[in-house]
Amino acid sequence: MPELNEYRKKIDEIDEKLVKLIEDRMSVSKDIAVFKADAGIEVHDPGREMEKLASVESLTQKEYNKKAIRDIFKQILNESREYQYGFMDDLKK
């Protein structure tokens, strides 16, 4: 039977991948902010956010993960939106 530290090592490896993916996502979010600024499009798009939440929630295979996935992505979307607002404010300076 694996030791607790082996499980924790697996979690650490997954967390490293998640951090990289989130950083990649935020980089694309910056590109979207530039596009939106150039096109005069508002940062906040509630319809898109609702679509995105439904989409990621549908990706989970386990029913008990749906709420967690939805909550995590709400936070990711919020952070992305705040990042875009901050970036666009910097463009105006």
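Trainee: How many salt bridges does a search of the whole structure find?

Mentor: Side chains of opposite charge can pair when their charged atoms come close. A salt bridge is a side-chain nitrogen of Lys or Arg within 4 Å of a carboxyl oxygen of Asp or Glu. The search finds 5 salt bridges here. This is a predicted model, in which local features need pLDDT of at least 70 and side-chain atom pairs count only at pLDDT 80 or more, while totals for chains, interfaces and linings use all residues. Residues are numbered from 1 along each chain as its sequence is written, and side-chain values use heavy atoms, with hydrogens and water left out.

Trainee: Which residue forms a salt bridge with Lys-67?

Mentor: Lys-67 pairs with Asp-71, and their closest N and O atoms are 2.5 Å apart. Helices are DSSP runs (H or I, at least four residues), numbered from the N terminus. Lys-67 and Asp-71 lie 4 residues apart in helix 3, so about one helical turn separates them.

Trainee: Where in the chain are Glu-49 and Arg-81?

Mentor: The side chains of Glu-49 and Arg-81 meet in a salt bridge at 2.9 Å, N to O. This pair links distant parts of the chain, with Glu-49 in helix 2 (residues 46-59) and Arg-81 in helix 3, 32 residues apart.

Trainee: Is Glu-49 buried or exposed?

Mentor: Buried means under 20% relative accessible area, exposed over 50%, and partly exposed in between (1.4 Å probe, protein chains only). Glu-49 has a relative accessible area of 16% and is therefore buried. Lys-67, at 57% relative accessibility, counts as exposed.

Definitions and conventions: Helix = DSSP H or I, 4+ residues; strand = E, 2+ residues; numbered from the N terminus.
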